[in-house]
Amino acid sequence: MEKCILVTGGAGLVGNAVRRRLESQGRKVVAIDLAERTRDGAPLTFCDLGDIHRLHAIATDNAIDGIVHCGAHSGPMVARDNPYSMVQVNVVGTANMLELARVHKVRRMVFCSSTSAYGDTPEGLVPEDVPLRPTSVYGGSKAASEALLWTYWRQFGVDALAIRLSWVYGPGRTTDCIIRTMIEDALAGRPTRMPFGQDFHRQFIHVEDAVSALLLALDAGEMPRRIYTVTGETYATLGEISEVVKRVLPQADIALQPGPDPVDDVHRRFDITAAKRDLGYAPQFDLETGIRSYAGWLAARTA
Ligand SMILES: NC(=O)c1ccc[n+]([C@@H]2O[C@H](COP(=O)([O-])OP(=O)(O)OC[C@H]3O[C@@H](n4cnc5c(N)ncnc54)[C@H](O)[C@@H]3O)[C@@H](O)[C@H]2O)c1
């Protein structure tokens, strides 16, 4: 049987882009989600991350060689009032993937963790091994999933890696995203006004760079560590990001007030040296390139 890669969250921003990249490499993919098709019409296999029996059946019917686990409640803004569901989907869902990897002897599993696992970070460059102090149940669900991943590796030798992604933007994002809001407002001739953010840093990564990091992790040989932080190497304030949007779309009318995002962590610059060194990761999208191509994609959809 031809080996295949299981991609979870196949209808989502990252999972769909991972599926597309793998298929463009001629690889066999089984992509699962709660939807039966992606937004561009590609077929998906319907499966809840909590349905361990169905997951085992899918793994038995397909020679699963690798897993890229992107399915989740994908941010603190999702299921905000339902922490139980956050734990079920994110922690139990990841535990189920680790079980699949253990029982079906999967070569490599890659888990989409998040920089939300850090919570507010200390001054200076932030390496992977600072203590995790998440401030949301979402961040806690990622930290807890990483602990399970680590212990499945230590106790059972399950070869899983966690990639802590920073804020992902680009074609296909459906949850809140300030970059998309700024672009969509500019395209619609609406002003963008925000009561915070002018001096607040956020480290974005373009979805295609996120995919590259995940697939480098999927295909890498033996790894010296389990956990890598991956950003687009963009450490910019929302005010600076708004200036990039204005360069791309000169009609943009954006005004932000100073101060932090009240529902986000304060993150210092993340150190991505380990991902560069061990995975060969090199982001291809600086903010202007990424925002320009995202604006083109959004404009084509609204035309
Ligand atoms: N988007 C970001 O900024 C960001 C940043 C850091 C980490 N991450 C992580 O990356 C991963 C992918 O994020 P994304 O932006 O593609 O999210 P997304 O919301 O676009 O996609 C997540 C997908 O998971 C699916 N899903 C949710 N619950 C499910 C369930 N019970 N069973 C099966 N499928 C289910 C959803 O239907 C959705 O298609 C997530 O783990 C997320 O936490 C995302």
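**Ground rules.** I am working with a predicted model, where local features need pLDDT of at least 70, side-chain atom pairs count only at pLDDT 80 or more, and totals for chains, interfaces and linings use all residues. Residues are numbered from 1 along each chain as its sequence is written.

**Domains.** I looked up the domain bounds, which come from an automatic or database domain assignment. Domain 1 is 3-169 + 204-233 + 271-279, and domain 2 is 178-202 + 234-265 + 287-302. Their C-alpha centres lie 27 Å apart. I find 13 residues from domain 1 and nine residues from domain 2 in the contact, where contact means C-beta atoms, placed from the backbone, within 7 Å. On the domain 1 side, β7 and β10 (204-206) are the elements that give two or more residues. Strands here are DSSP runs of E, at least two residues, and helices are runs of H or I, at least four, numbered from the N terminus.

**α3 and α4.** Next I took helix α3 (residues 83-103) and helix α4 (residues 137-156), which pack at about 20° with axes 9 Å apart. Axes are lines fitted to C-alpha atoms, for helices over the stretch in contact, and angles run from 0 to 180 degrees between N-to-C directions. The two are therefore roughly parallel, as angles under 35 degrees count as such, over 145 as roughly antiparallel, 65 to 115 as roughly perpendicular and the rest as oblique. Among the residues that meet are Met86, Val87 and Leu98 in α3 and Tyr138, Leu148 and Phe156 in α4.

**α7 and α9.** Last, I checked helix α7 (residues 238-248) against helix α9 (residues 287-302): the angle is about 55° and the axes are 10 Å apart. That makes α7 oblique to α9. The contact is made by Ile241, Val244, Val245, Arg247 and Val248 of α7 with Leu287, Glu288, Ile291, Arg292 and Ala295 of α9.

Definitions and conventions. Contact = placed C-beta atoms within 7 Å.
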